[in-house]
Amino acid sequence: MEYFVVFMLGLLSAPHCTAMCGGIASALILQSNRATKAVSESTTMKFHAANGTFVQHSTSTFAAADSRNALSSAFYFGTGKLLGYGLLGVIAGSAGLGFLSLDVTATGIAMAVLRSIAGLLMIAMGLYTAGWWLGLHKLESVAFRLWQPLLKGIGNLDMGSSTNKVAIGAIWGLLPCGLVYSVLALALAAGNPVSGALVMLSFGLGTLPFVMSVGGLTHVLLPALANRNFRIITGILLIGFGVISIGMGIMSVLASPADIGMHH
């Protein structure tokens, strides 16, 4: 159930991702397209020079190639993002192992606190998505500025390399994000590295449609994201998930020792 919830969180994060990461994602795809096209044109020129021939390429041919390159790049970036989330989940889940050294009451309280923090962040994200409160966005923007040097460094990497695209995607997954922090709190509460990784990977899978939309499927997603009613419904659902998370935290305090042991 928890994996499904965080997967849905990933899906519902699209409006927030577009606002916070849309510019970065578009820039990465554009730079990757340019790098791929430069390599392709260089290879074509060498081929033509060797054969003494010239082949006329239509605008539609280049447009189709750009679209394929964008989707391919988005796939690599998305794969790296998943790996980055998985690594964060392993780290958080491993840190959560410390809960096992606590007595049953302390473990329940720790889980309740973590789930409540996650729930409050989800509620704040829901309020932001619906346009009712922008406080979390301001906090994210402040944290985001700390990453500017790293983002500039990423811009100097060779975007024609698939390996670099995966690495950049992993770094992208580490950028400040209220929803990521909320899911990390759940991964920490999972209490072991495997469950922590699965929590973060479930969330990452939910975010893939946004990544792929930036890679060439924007026309499918943007009309919905621009719809006010869609954003309000999404915000309400996020708030609902936040309330559920807080409720799960309270239930963990009330759980019997056997229930907590089975959870871990």
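Q: How many cavities of 30 Å³ or more are counted here?
A: First, the rule. Work on a 1 Å grid over the protein atoms alone; a cavity is a set of points where a 1.4 Å probe fits but cannot get out, and its lining residues have an atom within 4 Å of a point. Grid points are joined across faces, edges and corners, and a volume is the space filled by probe spheres set on the points. By this rule the count in this predicted model comes to 2 cavities of 30 Å³ or more.

Q: What should I know about the numbering and the values?
A: Residues are numbered from 1 along each chain as its sequence is written, and side-chain values use heavy atoms, with hydrogens and water left out. This is a predicted model, where local features need pLDDT of at least 70 and side-chain atom pairs count only at pLDDT 80 or more, while totals for chains, interfaces and linings use all residues.

Q: What is the average pLDDT of the protein?
A: pLDDT is the predictor's confidence in each residue, from 0 to 100. The protein averages 75, and 69% of its residues score at least 70. Over residues 39-64 the pLDDT is below 50. Beyond near neighbours in sequence, that stretch has 5 contacts in the model (contact means heavy atoms within 4.5 Å). Residues 260-264 also have a pLDDT below 50, with 16 contacts beyond near neighbours in sequence. Where pLDDT is low, the predicted coordinates should not be read in detail.

Q: How many helices and how many strands does the protein have?
A: Helices (H or I, at least four residues) and strands (E, at least two) are DSSP runs, numbered from the N terminus. This protein has 11 helices and 0 strands. From the N terminus on, its elements run α-α-α-α-α-α-α-α-α-α-α.

Q: What share of the contacts joins residues 24 or more positions apart?
A: Among contacts with a separation of 6 or more, such residues account for 87%. Take Cys 17, in helix α2 (residues 14-51). Its C-alpha atom is 7.4 Å from that of Phe 210, 193 residues away along the chain. Leu 208 is found in helix α9. It touches Gly 78 and Leu 82, not counting residues up to four places away in sequence. Leu 208 and Leu 82 are 126 residues apart in sequence and 8.6 Å apart in space, C-alpha to C-alpha.

Q: Is Cys 17 buried or exposed?
A: Buried means under 20% relative accessible area, exposed over 50%, partly exposed in between (1.4 Å probe, protein chains only). Cys 17 has 9% relative accessibility, so it counts as buried. Leu 208, at 24%, counts as partly exposed. Thr 79 is also partly exposed, at 29%. Of the 264 residues of the protein, 41% count as buried.

Q: How many aromatic pairs does a search of the whole structure find?
A: A pair of aromatic rings is described by the distance of the centres and the angle of the planes. Rings of Phe, Tyr and Trp (its six-membered ring) pair if their centres lie within 6.5 Å; planes under 30 degrees apart count as stacked, over 60 as edge-to-face and the rest as tilted. The search finds 2 pairs. In one, the rings of Phe 75 and Tyr 76 have centres 5.8 Å apart and planes at 65 degrees, so the pair is edge-to-face. Tyr 76 is partly exposed, with a relative accessible area of 27%.

Q: Why does the pair of Tyr 85 and Phe 203 count as edge-to-face?
A: Because the planes of the rings are at 65 degrees, with centres 5.5 Å apart. Tyr 85 lies in helix α3 (residues 59-95) and Phe 203 in helix α9 (residues 193-225), so the pair ties together parts that are 118 residues apart in sequence. Both Tyr 85 and Phe 203 are buried.

Q: Which residues line the second largest cavity?
A: Its lining is Glu 2, Val 5, Arg 115, Met 122, Leu 186, Phe 241, Ile 244, Ser 245 and Met 248. About 50 Å³ of space lies inside this cavity. Helices α1 (2-12), α4 (104-130) and α10 (228-254) each supply at least two lining residues. The largest share, 4 residues, comes from α10.

Methods: 1 Å grid on protein atoms, 1.4 Å probe; cavity = no way out; pocket = protein on both sides within 12 Å on 5 of 7 lines; lining within 4 Å.
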